[in-house]
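Please read them with the structure open.

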Amino acid sequence: MGLRELKKQQTRELLADTAMGLFAERGFEQVTVVEVARAAGVSPNTVFNYFPTKEDLFFDRQDEVAAHLAEVVRRRPAGSSAMDAVRADLLAGVADGEPTVGLNPEVSTFWRIIADSPALRARLLELGERAEAELAAVLAEESGADPEDPLPRVVAGAVAGAHRAVLAEIRRAMVAGEPAGAVRERVEAAVERAFGLLDSGLAGYPASHGGRSVIRRTGGLTHRQFLRA
């Protein structure tokens with residue numbers, strides 16, 4: 001990273017950290033961009049150059065979060081399905097206290113700010129839709145699905161929806177002040193059960209890298225069953 005890029009990164013982090021401090025103290029809706037700029041020692045225009053909206057200041061890692069499921073599936077080990085990869089990644093995040101999973105008492109303030117803000121709750125839903133769409137694109141690419149075939153989008157909805165529901169349960173529990181250890185045990189059991197149910201139908205979709213597809217036609221519709229390599 002060059003000096004210019006480093007300075008820009010430092011400015012971006014300063015703005016996001018300053019904003020988060022104000023949001024935690026007073027709530028998202030009660031803080032203006034002008035106040036964030038003043039606290040950070042920059043002009044409001046500088047803030048908007050880095051973050052087009054106030055919601056972007058709060059979700060400063062939103063692009064990374066939206067792309068996460070797609071990257072997990074794209075980089076999964078050979079021989080594993082998309083669902084296997086998402087389940088393993090989610091369980092690892094729960095066990096390790098990954099910040100974006102949120103099973104950490106220190107992150108409860110972050111979740112509480114979201115719970116108190118309609119604007120942030122709406123943005124969180126939008127991020128979930130983006131993550132689902134990016135996952136669907138990867139599934140369509142790997143399975144070789146026709147652009148009109150809804151299967152990748154439907155499967156992405158099932159997998160991403162289960163992932164979202166787990167994070168929502170963690171968020172609810174952390175805001176309620178439940179002990180992280182108890183929440184972890186409950187969530188891990190729920191992940192195993194929920195993904196176990198999905199596993200009966202999606203375990204082989206799509207094929208692992210290098211896999212092949214078997215296509216059969218019934219009643220004019222094309223159904224693809226993707227086999228492991």
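1. This is a predicted model. I start with two phenylalanines, Phe23 and Phe58, both of which are buried. Their rings form a tilted aromatic pair, with 6.1 Å from centre to centre and 50 degrees between the planes. Phe23 belongs to helix H1 and Phe58 to helix H4, so this pair ties together parts that lie 35 residues apart in sequence.

2. Phe58 also forms an aromatic pair with Phe28. Here the geometry is edge-to-face, at 6.2 Å centre to centre and 80 degrees between the planes. This pair, too, links distant parts of the chain: Phe28 is in the loop between H1 and helix H2 (33-40), Phe58 is in helix H4, and the two are 30 residues apart.

3. How buried are the two partners in the edge-to-face pair? Phe28 has 3% relative accessibility and therefore counts as buried. For Phe58 the relative accessible area is 1%, and this residue is buried as well. The cut-off for buried is under 20%.

4. Phe28 has a charged neighbour: the charged end of Lys54 sits over the Phe28 ring, 4.4 Å from the ring centre.

5. Ring pairs join Phe23, Phe28, Phe58, Phe59, Phe110 and Trp111. Across the whole structure, the search finds seven aromatic pairs.

6. H1 has 24 residues and spans 35 Å from first C-alpha to last, close to the 34 Å expected at 1.5 Å a residue. Its buried residues are Thr11, Leu15, Ala16, Thr18, Ala19, Leu22 and Phe23. They pack against H2, helix H3 (44-50), H4 and H7. Just after H1, Gly27 adopts a positive phi of about 95 degrees.

7. Helix H7 covers residues 108-115, and Ser108, Trp111, Ile113 and Ile114 are buried in it. Which helices do the buried residues of H7 pack against? The partners are helix H1 (3-26), helix H4 (54-58), helix H8 (118-143) and helix H9 (151-175). Trp111 is also a member of the aromatic cluster.

8. The largest nonpolar core contains 52 residues. Which residues have the most contacts inside it? They are Phe58, Leu135 and Ile170. H9 gives the most to this core, with 10 residues.

9. Leaving aside residues up to four places away in sequence, Ile170 touches Val94, Val101, Gly102, Leu103 and Val187.

10. Arg76 is found in the loop between helix H5 (62-74) and helix H6 (82-96). Is this arginine buried or exposed? Arg76 counts as buried because its relative accessibility is 3%, against a cut-off of under 20%. Its side chain reaches the backbone oxygen of Val73 at 2.7 Å.

11. Asp149 is placed in the loop between H8 and H9. At 15% relative accessibility, Asp149 counts as buried. A polar atom of the Asp149 side chain lies 3.0 Å from the backbone nitrogen of Leu151.

Terms used. Residues are numbered from 1 along each chain as its sequence is written. This is a predicted model: local features need pLDDT of at least 70, side-chain atom pairs count only at pLDDT 80 or more; totals for chains, interfaces and linings use all residues. Side-chain values use heavy atoms; hydrogens and water are left out. Helices (H or I, at least four residues) and strands (E, at least two) are DSSP runs, numbered from the N terminus. Buried means under 20% relative accessible area, exposed over 50%, partly exposed in between (1.4 Å probe, protein chains only). A polar contact is a pair of N or O atoms within 3.5 Å; within protein, one must be able to donate a hydrogen and the other to accept it, and residues adjacent in sequence count only if both atoms are side-chain atoms. Contact means heavy atoms within 4.5 Å. Rings of Phe, Tyr and Trp (its six-membered ring) pair if their centres lie within 6.5 Å; planes under 30 degrees apart count as stacked, over 60 as edge-to-face and the rest as tilted. A charge sits over a ring if NZ of Lys or CZ of Arg is within 6 Å of the ring centre and within 35 degrees of the ring normal. A nonpolar core is a set of buried Ala, Val, Leu, Ile, Met, Phe, Trp, Tyr and Cys residues joined through side-chain atoms within 4.5 Å. The expected span of a helix is 1.5 Å times one less than its number of residues.
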